[in-house]
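Welcome! Here are a few exercises to work through with the structure open beside you. Try each task on your own before reading its solution.

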Amino acid sequence: MTNHDAVRFRGQLDQITGKLAEALPHGDLSAFYRTFRETDLPLLPVTFRDDPRTLFRLVFETLQRLGALSPATALAVENHFYVSSAIATFPAGDDVLLEQRRHAVLDKLGARRALVANTNSKIQGNKLGQIGTVARRKADRFVVTGRASYTSLATEGDVLVFLTRIEDEGHAIFVIDPMQGNPAVEIGPYLFPSAMQDSDTRQITFHDLELTEDDLLLSPANPQAGLLIEHEMAWHQLLIPALYLGAAAGALEAVRTFLRGTTGRDGKPLAELDGMVVDVGRLALDHRSACFTVLQAGETLATVRRLPDDEEALRRAANDARAAKYVGTRCAEEIVTAARRIVGARSYAGGHVLERLSQEVAFGPLGPEVSAAIERRYGEAALGDESFTHRSW
Ligand SMILES: Cc1cc2nc3c(=O)[nH]c(=O)nc-3n(C[C@H](O)[C@H](O)[C@H](O)COP(=O)(O)OP(=O)(O)OC[C@H]3O[C@@H](n4cnc5c(N)ncnc54)[C@H](O)[C@@H]3O)c2cc1C
């Protein structure tokens, strides 16, 4: 990336964060999305396809900036970025058909400046991990029925990337286009009626949606299907902490404004209290450490260039991404809580940014992989056959 490109990138970040800040108090994000689509930012995965290192750094920074203002909006945008970044960097190797398909999808996204929503078809059922949709083969078509609980960016997405099960075959990824105005795709009301509204997360129901082989991005017959889904998940687990650490940075900025702008009874700014300096320093160190963990995990993912040759590197990258997601979202929650205690009750007065950050940062640890699942995985590894002192994570 040249200096000129970097200046342009940061200028566009200023533009979209300015629009978001203006839009949030009115509860109407249409001007923000209009501006976002006009910039080059949604196209980063298209531009930096097959360059995961640069792509990750740029998307990390973008989500941090958005997350500092509105984690919910950043989550909607994160869904676009993680799916399109995974497609842009799929280490498909010699799979000619998959290579053709993913480049065709990227070209289409680029040409239309399209935003990508996604669902993995999970439902909030009485059994963990249940999938609510199925695709059945009928002659040369697939017919999709059922429902999926979670789809963010649901009313802004142009294209829906959709993970389901093809009956008697296995997991597959389809690309549904168009997503909006499609009579077979019913986009329901908010899943969380009083939280995270700006993530635009809604339930989707499929009414005999007909798809063809051309809509199939990843077929269950692909021997690497499982690994490619794991690669996509690693992107997701890396970008989620980026946005929530952005929320933590926003909280630290609120602390800075408060402590520098408020004096104690002695007339001195609270920012000069020695104890306060130490307390805030501890929070800033936690934030920096968590960011390093996420950035390092991004580097690990960038080493995965070709499957199945790099299967071992993918395993490591997926585990690093889990750790990054776990540490990043937990740290973000702790920093926002600490910031709220420093700023006090005025955090909830007059549309203060800490009110929004406090409500939304709590969603960090809740997905995509829940903290309990990550703890269990690491616990089993730490208690396994290999001594902890010999383990190279
Ligand atoms: C705001 C928001 C937006 C989202 N947007 C999308 C989207 O656009 N597309 C999409 O596909 N998905 C989306 N998701 C879903 C997300 O990717 C995860 O599937 C979801 O967050 C998992 O949470 P759950 O409560 O459904 O998990 P569940 O698996 O139902 O877990 C519920 C609880 O069970 C316990 N538990 C689960 N597994 C274990 C375990 N292994 N060990 C011990 N305890 C366990 C934990 O206490 C856990 O909190 C979204 C989620 C949220 C919160």
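Before you start, note that this is a predicted model.

**Exercise 1. Find how the protein is divided into domains, and describe how domain 1 meets domain 3.**

Step 1. Begin with the bounds: domain 1 covers 3-114, domain 2 covers 119-218 and domain 3 covers 225-390.

Step 2. Look at where domain 1 and domain 3 touch.

Step 3. Ask which elements build the domain 1 side. Both α4 and α5 (71-89) supply at least two residues each, and the largest share, ten residues, comes from α4.

Step 4. Sort that side of domain 1 by residue type: 18 are nonpolar, five are polar and three are charged.

Step 5. Finish with the spacing: the C-alpha centres of domain 1 and domain 3 are 21 Å apart.

**Exercise 2. Work out how far helix α8 reaches, and what covers its buried residues.**

Step 1. Locate the helix at residues 274-302, a run of 29 residues.

Step 2. Compare its reach with expectation. From first C-alpha to last, α8 spans 42 Å, close to the 42 Å expected at 1.5 Å a residue.

Step 3. Pick out its buried residues; among them are L283, H287, C291, V294 and L301.

Step 4. Now see what lies over them. The cover includes α4 (52-67), α7 (225-261) and α9 (311-343).

**Exercise 3. Describe the shell around the ligand, and explain where the ligand lies among the domains.**

Step 1. Count the surroundings: 22 residues surround the ligand, and the closest are Y150, S152, G367, P368 and A372.

Step 2. Trace them to elements. Those giving two or more residues to the shell are α5, β1 (116-119), β3 (141-151) and α11 (371-382). The largest share, three residues, is from α11.

Step 3. Sort the shell by type: ten residues are nonpolar, ten are polar and two are charged.

Step 4. Bring in the domains. Residues of domain 2 (119-218) and of domain 3 (225-390) both belong to the shell, so the ligand lies between these two domains.

**Exercise 4. Is Y33 buried or exposed?**

Step 1. Find Y33 in helix α2 (residues 30-38).

Step 2. Apply the cut-off: a residue is buried if 20 or more other C-beta atoms lie within 10 Å of its own.

Step 3. Y33 has 22 other C-beta atoms within 10 Å, so Y33 is buried.

Key. Residues numbered from 1 in each chain as written. Predicted model: local features only at pLDDT ≥ 70, side-chain atom pairs only at ≥ 80, totals over all residues. Helix = DSSP H or I, 4+ residues; strand = E, 2+ residues; numbered from the N terminus. Expected span 1.5 Å × (residues − 1). Buried ≥ 20, exposed ≤ 12 C-beta atoms within 10 Å, placed from the backbone. Contact = placed C-beta atoms within 7 Å. Domains from an automatic or database assignment. Nonpolar A, V, L, I, M, F, W, Y, C, P; charged D, E, K, R; others polar. Near = placed C-beta within 6 Å.
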